[in-house]
Amino acid sequence: MKNNYKKIIRNIALCLLILLADTGLCLAEPVAVGSSVVPIKTVMIKFGITMGSVLLSLIIIWSVLYSFKKYTADSIKEYNKKALYGDNFRTPTSMDDAIVSFINKNRL
């Protein structure tokens with residue numbers, strides 16, 4: 001099982017390296033000297049690439065968090081059920097109950 005996780009992580013890292021590598025992809029079109037106008041097609045293509053990268057990152061982060069929650073859910077439920085030092089989280093109703101609970105909690 002541990003080897004499967006290693007393989008998955010390795011494959012994801014390799015895929016990210018391939019996707020993020022400098023492939024020489026240039027989408028800019030030549031513009032006349034002195035002109036600051038960028039063609040709308042170039043802007044839309046770059047915007048699409050950026051939004052695709054954001055979507056891919058979102059999917060990766062969601063899947064990692066979902067799998068983390070799935071595999072740690074049992075331990076979190078057990079932790080929430082346990083009371084620290086036998087606490088019952090009820091507020092004392094009288095002065096005597098408050099003194100007794102204080103003494104019980106502060107025993108060494």
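Patches are made of residues with over 30% relative accessible area and no salt bridge, with like charges joined within 9 Å and nonpolar side chains (Val, Leu, Ile, Met, Phe, Trp, Tyr) within 5 Å. A salt bridge is a side-chain nitrogen of Lys or Arg within 4 Å of a carboxyl oxygen of Asp or Glu. This is a predicted model, where local features need pLDDT of at least 70, side-chain atom pairs count only at pLDDT 80 or more, and totals for chains, interfaces and linings use all residues. Residues are numbered from 1 along each chain as its sequence is written, and side-chain values use heavy atoms, with hydrogens and water left out.

**View 1. The protein chain has three helices and zero strands.** Helices (H or I, at least four residues) and strands (E, at least two) are DSSP runs, numbered from the N terminus. Along the sequence, the pattern reads α-α-α. Of the 108 residues in the chain, 2% are buried. Buried means under 20% relative accessible area, exposed means over 50%, and partly exposed lies in between (1.4 Å probe, protein chains only). The mean pLDDT of the chain is 78, and 72% of its residues reach 70 or more. pLDDT is the predictor's confidence in each residue, from 0 to 100. Among the elements, H2 has the highest mean pLDDT (86) and H1 the lowest (78).

**View 2. A nonpolar patch lies on the surface.** Its members are Tyr 5, Ile 8, Ile 9, Ile 12, Leu 16, Leu 19, Leu 56, Ile 60, Val 64 and Tyr 71. Together they have about 920 Å² of accessible area. Such areas come from the Shrake-Rupley method with a 1.4 Å probe; for residues, only the protein chains shown count as cover. H1 and H2 each supply at least two residues of the patch. The largest share, six residues, comes from H1. Leu 56 sits in helix H2. With a relative accessible area of 38%, Leu 56 is partly exposed. For the protein chain, the accessible surface comes to about 10,600 Å², and 67% of that belongs to carbon and sulfur atoms.

View 3. Rings of Phe, Tyr and Trp (its six-membered ring) pair if their centres lie within 6.5 Å; planes under 30 degrees apart count as stacked, over 60 as edge-to-face and the rest as tilted. By this rule there are two aromatic pairs. Tyr 5 is partly exposed at 37% relative accessible area, whereas Tyr 71 is exposed at 53%.

**View 4. Trp 62 and Tyr 66 are stacked.** Their centres lie 5.3 Å apart, with 15 degrees between the planes. Both residues lie in helix H2, four residues apart, about one turn of the helix. Trp 62 is exposed, at 56% relative accessible area. Tyr 66, at 48%, is partly exposed.

**View 5. Thr 72 sits in helix H2.** Thr 72 counts as buried because its relative accessibility is 19%. A polar atom of the Thr 72 side chain lies 2.6 Å from the backbone oxygen of Phe 68.

Key. A polar contact is a pair of N or O atoms within 3.5 Å; within protein, one must be able to donate a hydrogen and the other to accept it, and residues adjacent in sequence count only if both atoms are side-chain atoms.
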